[in-house]
Amino acid sequence: MQNEGVEKVERYSSGGLVMGVTGLVLVAAVLIYGLVDDEAGFAPWAFPFCLLLGALIWLVMVRPAVRLHHDELELRNVLHSRWVPFAEITGVEITQVTVVSVGEQRYVGSGFGRTRGTIRKDRHASHDTPLEKRSTAWLIQDKIERKVATARERRTTAEGVAEVRHAWAWPEIVVVGVLAVATVVLALVG
């Protein structure tokens, strides 16, 4: 049974998610230990520093991803995101990063990629290689290419050209900036 009116966004990342969540749990444990145990000897600057480490782990390990929406591909990088309409994509290649071409423009997503070994293995695979022997990156690239073909078939000539959108990750940027300043100020004062 499919949920009507609810768009399922597919998210793919290159393995940093488990290590990122583990890092966030460890940072939370250290913070809780520092808050609970008064004799732990935590300096005042250690608390914003731990929060800063958590924010950096989030930015570098958890946030980057390639997300497939209904009509567009989202390339989430460390400090910004791009939304590329499937109908406008002229090429996609997943190497060590995801590269999407729109005409002469190239957009890079650092959230998903292949290892060099996987790139070699996929390059030597023939067209009739079974899907279960293909890499996840090959399957995702194929899925993106099929979504591009479908979007181009659906597009009518009356529709205008959809634009590639770009947005900075302002909440994360502000949090990192504030925590960095707080850490430095408390280290200098204390």
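**Close-up 1. Trp 45 and its setting in the predicted model.** A residue is called buried under 20% relative accessible area, exposed over 50%, and partly exposed in between. This model is predicted. Trp 45 has a relative accessibility of 34% and therefore counts as partly exposed. Trp 45 is located in the loop that lies between helix H1 (16–36) and H2.

**Close-up 2. The nonpolar surface patch that includes Trp 45.**

**Close-up 3. The packing of helices H1 and H2.** Two packed helices are described by the distance between their axes and by the angle between those axes. For H1 and H2, the axes come within 9 Å and cross at roughly 170°. H1 is therefore roughly antiparallel to H2, as angles over 145 degrees count as such. On the H1 side, the residues that meet H2 include Gly 16, Gly 20, Gly 23, Leu 24, Val 27 and Leu 31. On the H2 side, among them are Phe 47, Cys 50, Gly 54, Ile 57 and Trp 58.

**Close-up 4. Ser 126 in the loop between helices H3 and H4.** Ser 126 is found between helix H3 (116–124) and helix H4 (136–154). With 36% relative accessibility, Ser 126 counts as partly exposed. Phe 112 is 14 residues from Ser 126 in sequence, and their C-alpha atoms are 23 Å apart in space.

Key
Residues numbered from 1 in each chain as written. Predicted model: local features only at pLDDT ≥ 70, side-chain atom pairs only at ≥ 80, totals over all residues. Heavy atoms only, no water. Patch = residues over 30% accessible without salt bridge, like charges linked within 9 Å, V, L, I, M, F, W, Y side chains within 5 Å. Areas by Shrake-Rupley, 256 points an atom, 1.4 Å probe, with all protein chains shown as cover. Salt bridge = Lys/Arg side-chain N within 4 Å of Asp/Glu carboxyl O. Helix = DSSP H or I, 4+ residues; strand = E, 2+ residues; numbered from the N terminus. Buried < 20%, exposed > 50% of the residue type's maximum accessible area, 1.4 Å probe, protein only. Axes fitted to C-alpha atoms, helices over the stretch in contact; angles between N-to-C directions. Parallel < 35°, antiparallel > 145°, perpendicular 65-115°, else oblique. Contact = heavy atoms within 4.5 Å.
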